[in-house]
Amino acid sequence: MKRVKRRSDLALFGGSPAFDPAIHVGRPNIGDRQAFDRLVREALDRRWLTNDGPLVRELERRIGEQLGVEHCVAVCNGTIGLEILFHALGLAGEVLVPSYTFIATAHALLRCGIKPIFVDIDPATHNIDPKAARARASSRTSGIVAVHLWGRPVPVRELQDLAGELGVPLVFDAAHAFGCTFEGRSIGNFGAAEVLSFHATKFFNTLEGGAVVTNDAALARELRLLRNFGFSGYDNTMSLGTNGKMNEVCAAMGLVNLDALPAFIGRNRQIHQQYVEAFAQIPGVNVLRYDENERNNYQYVVVELDERFPVGRDRVVEALHAEGILARKYFWPGCHRMMPYREIYPGEGAHLPVTEAVSERVLVLPTGTSLPDGAVGLQADIFRVLSE
Ligand SMILES: Cc1ncc(COP(=O)(O)O)c(C=O)c1O
């Protein structure tokens, strides 16, 4: 593995970033390439490239088995997974959702004609705050979409209670949470359904891809129709579906990456621990911890700066970029302050003080199987220089 060192003190204070491609947030993990080549060759030989092919079915079977979930419906990406799920559940009117999430969560709602009602987060976990959700619920609420941010489970029980009281479905955007557990049970088993993303930047990827997982057979049947234009048979559509199908090459990538999952998680865990140790002596730099009583994928190295750190988050990100390190300001500034939400729903910020504060002090640092040795130490050096 390549070792890295800091380029120069000067680079910290300016210059145009030329990113080291190896030190990127979201750099993909890739399993056994020969196995991937073989699976792709077989798919090409079969001339069965998409439309519920054998590799997609195998991937669905294995993911279902791994999570202990009855139905896994593979899709072309997580965003489409969210959209077909909202459609299948008949969500309409308003839906409670955190603003502190990737924009796809909100976009999927709005694209289904649903108004997202943005809910504030718990400052300790960055996850949706059930009390804030309750405060924003109304007779127009048709559902709750919670996000297991950073792969750390939301307070499932409290949200279940609220959804029960409102008589609406609870679903989870579990884009970050493949391989994670809540109370020892795999994420994927909670609410009406959970949506996974297998985008290239996720620790487990299918190039592009995702899945909706559920223990509800009728819902799974409807989702299978919806991901294929609503087709039942060759000439007959049953509902307003879309093209949400996963193709065979993506499934091949998923199958080889599934074999490598323990190695991916092991490396992420090791790197996360390195960050925790390297930053322990730098006041004001807090690396978010995972609950070691649960299974985690350790994909997000989330750093929250507090008032003891003398330099603002944006300046830190600039300095890292100047050193060629692609850190990210996830999920700044919060969906409600992005377009089109800030224009069509102005004033939402009044409900979201924690979201706004947290989004100004968080940055996410690179991890993954291709992170070079020395990359963590290099970043700790940069933080140390900035803190002096
Ligand atoms: C929280 C969250 N939700 C949804 C998505 C959308 O997933 P995809 O990129 O597979 O469409 C992502 C990531 O991309 C995400 O981080």
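Visitor: In strand 8, which residue is the bridge partner of Phe172?

Guide: This is a predicted model. In it, Phe172 is bridged to Glu194 of strand 8. Strand 5, residues 170–173, is joined to strand 8 by three bridges, and the two run parallel.

Visitor: How many bridges join strand 8 to strand 9?

Guide: Four, and this pair runs antiparallel.

Visitor: Which way do the residues of strand 8 point?

Guide: Ala193, Val195 and Ser197 point one way. Glu194 and Leu196 point the other way. Both sets are buried.

Visitor: What does that say about strand 8 as a whole?

Guide: Five of its five residues are buried, so strand 8 is largely enclosed by the rest of the structure.

Visitor: Where is Lys202 found?

Guide: Follow the chain past strand 8 (193–197). Lys202 sits in the loop between strand 8 and strand 9 (210–214). An unreviewed UniProt entry annotates Lys202 as "modified residue: N6-(pyridoxal phosphate)lysine".

Visitor: Is Lys202 buried or exposed?

Guide: Buried means under 20% relative accessible area. Lys202 has 15% relative accessibility, so it counts as buried. Next, look at its contacts. Beyond its neighbours within four places in sequence, Lys202 touches Ala175, His176, Ser197, Gln299 and Tyr300.

Visitor: How does one look for a pocket?

Guide: Rolling a probe the size of a water molecule over the atoms shows where empty space is left. Here, the largest pocket has a volume of about 480 Å³. Its lining has 33 residues. Phe102, Ser197, His199, Thr201 and Lys202 lie nearest its centre.

Visitor: Which elements give two or more residues to that lining?

Guide: Helix 3 (78–89), helix 4 (103–111), strand 8 and strand 12. Helix 3 gives the most, with three residues.

Visitor: How many bridges join strand 11 to strand 12?

Guide: Four; strand 11 covers residues 301–305. Val301 stands opposite Leu365 in strand 12.

Methods
Residues numbered from 1 in each chain as written. Predicted model: local features only at pLDDT ≥ 70, side-chain atom pairs only at ≥ 80, totals over all residues. Heavy atoms only, no water. Pairing = 2+ DSSP bridges. UniProt positions renumbered as here; feature names shortened; annotations may be inferred. Buried < 20%, exposed > 50% of the residue type's maximum accessible area, 1.4 Å probe, protein only. Contact = heavy atoms within 4.5 Å. 1 Å grid on protein atoms, 1.4 Å probe; cavity = no way out; pocket = protein on both sides within 12 Å on 5 of 7 lines; lining within 4 Å. Points joined across faces, edges and corners; volume = space filled by probe spheres on them.
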